[in-house]
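Please read it alongside the sequence and the model.

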Amino acid sequence: MSSPGAVCEEGQLSAAQADAFVGMITAFRDLQSTLCLVAPPPETMTELTGAIENVATRLKEFEVGEGERFARDLGMRGQGHPVLIPYRVTELSETSMLGSVSFGLANMGGDGTAHGGAITMLFDDVLGTFVSRRGQPDSRTAFLKVDYRNITPVNRELRLTASIDRIEGRKTFVTGALADGDVVCAEAEALFVRVLPPQP
Ligand SMILES: CCCCCCCC/C=C\CCCCCCCC(=O)SCCNC(=O)CCNC(=O)[C@H](O)C(C)(C)COP(=O)(O)OP(=O)(O)OC[C@H]1O[C@@H](n2cnc3c(N)ncnc32)[C@H](O)[C@@H]1OP(=O)(O)O
């Protein structure tokens, strides 16, 4: 499931389950990207809509409860979720993380650059997962500030960093950055707060 050199912290899935699920998600991502590139005639779109609906109907046979869904498995690093941005972790310590990410065509805002909302979603996911793993589990985003320093290209491997700056009681303060070589594309600053029971 993981790429060579990736720091792998597996979730609950077997390797065979993870590989098959990531394969299906990868095919779905390709569909999303392809949809952004085409201009088919109406009858073809009607035909293909039926095919997509058939896939969804088939998958609904396998609906399960929250804790059993493959898309929520923590070991999969966005790879196993249809809309999160997949990323790869290459170095991980108690307080810092280094990884890489590439935005696809489905994440494009315009002119070959990533949509700002996709960048914010990536930071929320990366920083939230990092806090869960290295800071405090069961934390939610209280704030997330993103500075867009330069355009973020799609279809290009970017460097992703995150660090836990301090922990004060239930509060974990984190920062993250996305860079294309020496160019900083975006920086993020966030606070995650550990929720108290009976908060859901
Ligand atoms: C059980 C949770 C499970 C979560 C994860 C499940 C498993 C998966 C694991 C891992 C994968 C994760 C990967 C994805 C990650 C994505 C994360 C998200 O996107 S989460 C969705 C978006 N966020 C919300 O919906 C929050 C909505 N807001 C709230 O629920 C509350 O406002 C909350 C919990 C953030 C705080 O509420 P209070 O009532 O518990 O606590 P108060 O007393 O208000 O705040 C505590 C301290 O934090 C400060 N604080 C709170 N909000 C602040 C803010 N916006 N700015 C500055 N300080 C703030 C306060 O001033 C206070 O500080 P002082 O203790 O007095 O020093």
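The protein chain has a mean pLDDT of 90, and 92% of its residues reach 70 or more; pLDDT is the predictor's confidence in each residue, from 0 to 100. Over residues 1-9 the pLDDT is below 50, and this stretch has 15 contacts in the model beyond near neighbours in sequence. A contact means that the C-beta atoms of two residues, placed from the backbone, lie within 7 Å. The ipTM is 0.91 and the pTM is 0.91. This is a predicted model, in which local features need pLDDT of at least 70 and side-chain atom pairs count only at pLDDT 80 or more, while totals for chains, interfaces and linings use all residues. Residues are numbered from 1 along each chain as its sequence is written.

**Ligand shell**

- The ligand is surrounded by 18 residues, the closest being Gly-128, Ser-132, Arg-140, Ala-142 and Val-193; a residue is near a molecule if its C-beta atom, placed from the backbone, lies within 6 Å of it.
- Helix H3 (116-135), strand E5 (139-148) and strand E8 (183-194) are the elements that give two or more residues to this shell. Helices (H or I, at least four residues) and strands (E, at least two) are DSSP runs, numbered from the N terminus.
- With 5 residues, H3 gives the most to the shell.
- By class, the shell holds 7 nonpolar, 5 polar and 6 charged residues. Here Ala, Val, Leu, Ile, Met, Phe, Trp, Tyr, Cys and Pro count as nonpolar, Asp, Glu, Lys and Arg as charged, and the others, Gly among them, as polar.

**Strand E2 and its partners**

- Strand E1 (residues 87-92) and E2 run antiparallel and are joined by 5 bridges; two strands pair if DSSP finds at least two bridges between them.
- A hairpin of 3 residues connects E1 to E2, and Glu-91 has Leu-98 as its bridge partner in E2.
- E2 also pairs with strand E6 (residues 158-168) in the antiparallel sense, over 6 bridges; in E6, Arg-159 is the bridge partner of Ser-100.
- Buried means 20 or more other C-beta atoms within 10 Å of the residue's own, exposed means 12 or fewer, and partly exposed lies in between, with C-beta atoms placed from the backbone.

**Annotated domain**

- An unreviewed UniProt entry annotates residues 112-182 as "domain: Thioesterase"; such annotations may be inferred rather than shown by experiment.
- Over residues 112-182 the chain is 28% helix and 46% strand, with the end C-alpha atoms 19 Å apart.

- Ala-114, in strand E4 (residues 113-114), counts as buried because it has 28 C-beta neighbours inside 10 Å.
- Leaving out residues up to four places away in sequence, Ala-114 touches Phe-103, Asn-107, Met-108, Gly-109, Ile-119, Thr-152 and Val-154.
- Ala-114 and Ile-151 are 37 residues apart along the chain, and their C-alpha atoms are separated by 7.6 Å.
- Val-22, in helix H1 (residues 15-35), is partly exposed because 18 other C-beta atoms lie within 10 Å.
- Val-22 and Leu-59 are 37 residues apart along the chain, with 15 Å between their C-alpha atoms.
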